[in-house]
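Subject: Structure handover

Hello,

My notes on what turned up follow below it.

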Amino acid sequence: MSAQFYYLRRPDINPAIVGLRRLSIRKNMNKKIVMSGIRPTGFLHLGNYFGAIRNYVRLQEEFECYFMVADLHSLTTHPDTSELKSNVHRVLAENIACGLDPEKAAFYCQSHIHETGELYLYLNMLAYKGELEKTVTFKDKVRQSPDNVNAGLLTYPVLQAADIVLHRASYVPVGKDQEQHLEMARTYVNRFNHRYKEVFPEPIAFNYSEELIKVPSLDGTGKMSKSENQMATLYLADDDDTIRKKVMKAKTDGGPTEINSIKPDFIANIFQLMKLVSSDEVIAKFDADFNNCTIRYGDMKKQLGEDMVKFISPIRQKATDILTNEEYLKEVMEKGAAKARRSAAATMEIVREAMGLKYF
Ligand code: TRP
């Protein structure tokens, strides 16, 4: 073995690995790495809170976390960037208002980490066109915007894989809709590890099972979502009266006529929403009222409206305070990017070496 390559195989004297060791000690070797991305499109709602953000807040206590605003991904479907800045600011502010702590987790913007683009390029050589064309999200987007089927859209899952493996993350807190993208990330990881060298762990979807809570929409159809009926979704930015009004509009009926009957879906949904924000006594009271047919849905919705206001308004106020403090937002983004770059640089050293891109 020639001298140049010898040192690469001696972890104790290879500068890349020594650097990495130092970083790992700082990073705490025992902690698994968590990574997730949030698209900066629109306002966050209660479904985002209970489905994702609450998980992040818990994860940041236990793991080394990288949470990223996926601004580059948004370019695949939103070429008009006139609202990008305010959307990025909002997503940062709302997540922090919900408890994401930039001192604990690296909270950063995708476009600030240039290594992502490099890794994306390498992973593209391991991603086959036929597989990419079969991705469900790609087919959906083609159907929605047949005039904008760009290569970035086709390789969206490759960029997502790059985001994840850039930090050699093992756990990715995402919802069911992202499972296929994660499976593709695992495919690229395996191809890379086989073709070159064992560099990346296989990333898996991670959720605290008891936290996988359904947040039903207020109109009795499906769950709260950004794109569907805005009146049936409670946003973290809704003001108090809007919250009350939306809750009062929730679908109900004349009430049960038989003792202990089964709740229709839209009523079960109201109880489900109550479970998220109301006290046990309040829920027990309305449950008993339902069972003995004395329930007054008007009262129930009034109570739910007040409890929702109590829950959402401190988050909204905190997010507004953060949004008006650009200096703070800038600091958060810079600090997050610096941490993410350190982790990215260490990975890319290993990647280039594993791929044979080191010539001296
Ligand atoms: N595709 C994800 C979404 O639509 C966002 C995302 C981008 C992401 N990069 C990621 C999620 C990396 C997890 C890991 O929500």
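Asp289 is buried, at 15% relative accessible area. The model is predicted, so take this as a computed value, since the cut-off for buried is under 20%. Asp289 forms a salt bridge with Lys285, and the closest N and O atoms are 2.6 Å apart.

Other salt bridges

The structure holds 21 salt bridges. Glu103 pairs with Lys335, with 3.5 Å between the closest N and O atoms. This pair links distant parts of the chain, 232 residues apart. Glu103 is in the loop between α5 (84–97) and β3 (106–109), while Lys335 is in helix α16. Glu103 is exposed, with a relative accessible area of 59%. Lys335 counts as partly exposed at 42%.

Helix α16 also holds Lys330 and Glu334, four residues apart, about one turn of the helix. Their side chains meet in a salt bridge at 3.6 Å, N to O. Lys330 is partly exposed at 46% relative accessibility, and Glu334 is partly exposed at 47%. There is a network as well: salt bridges link Glu118, Glu349, Arg352 and Lys358.

Overall layout

The protein chain has 16 helices and five strands. Its C-alpha trace spans about 85 × 40 × 40 Å along the principal axes. Of its 360 residues, 48% count as buried. The chain exposes about 18100 Å², and carbon and sulfur atoms supply 53% of that area. Among contacts with a separation of 6 or more, 77% join residues 24 or more positions apart.

The domain assignment gives domain 1 (31–206 + 326–355) and domain 2 (230–319). Their centres, taken over C-alpha atoms, are 35 Å apart. Twelve residues from domain 1 and twelve residues from domain 2 make the contact.

Where does the largest nonpolar core lie? It has 61 residues, and those with the most contacts inside it are Leu46, Phe107, Leu234 and Met308. Helix α15 (residues 297–323) gives the largest share, nine residues. Domain 1 and domain 2 both contribute residues, so this core lies between them. Another core lies apart from it, with 42 residues, including Met68, Ile113, Met184 and Ala185. For context, nonpolar side chains in soluble globular proteins tend to be buried together.

Leu234 is worth a look in the viewer. Beyond its neighbours within four places in sequence, Leu234 touches residues including His45, Leu46, Leu218, Ile243, Val247, Met308 and Ile312.

Surface and backbone

Leu357, Tyr359 and Phe360 make a nonpolar surface patch of about 410 Å². Phe360 is in the segment after α16 (326–355). Phe360 counts as exposed, at 79% relative accessibility.

Two backbone points remain. Most residues other than glycine have a negative phi. Arg168 is not a glycine, yet has a positive phi of about 50 degrees. Arg168 is in the loop between α10 (156–165) and β4 (171–172), and is buried at 18% relative accessible area. Asn260, also not a glycine, has a positive phi of about 55 degrees. The loop between α12 (240–248) and α13 (265–277) holds Asn260, which counts as exposed at 54% relative accessibility.

Best wishes

Conventions
Residues numbered from 1 in each chain as written. Predicted model: local features only at pLDDT ≥ 70, side-chain atom pairs only at ≥ 80, totals over all residues. Heavy atoms only, no water. Patch = residues over 30% accessible without salt bridge, like charges linked within 9 Å, V, L, I, M, F, W, Y side chains within 5 Å. Areas by Shrake-Rupley, 256 points an atom, 1.4 Å probe, with all protein chains shown as cover. Salt bridge = Lys/Arg side-chain N within 4 Å of Asp/Glu carboxyl O. Helix = DSSP H or I, 4+ residues; strand = E, 2+ residues; numbered from the N terminus. Buried < 20%, exposed > 50% of the residue type's maximum accessible area, 1.4 Å probe, protein only. Core = buried A, V, L, I, M, F, W, Y, C linked by side-chain atoms within 4.5 Å. Domains from an automatic or database assignment. Contact = heavy atoms within 4.5 Å.
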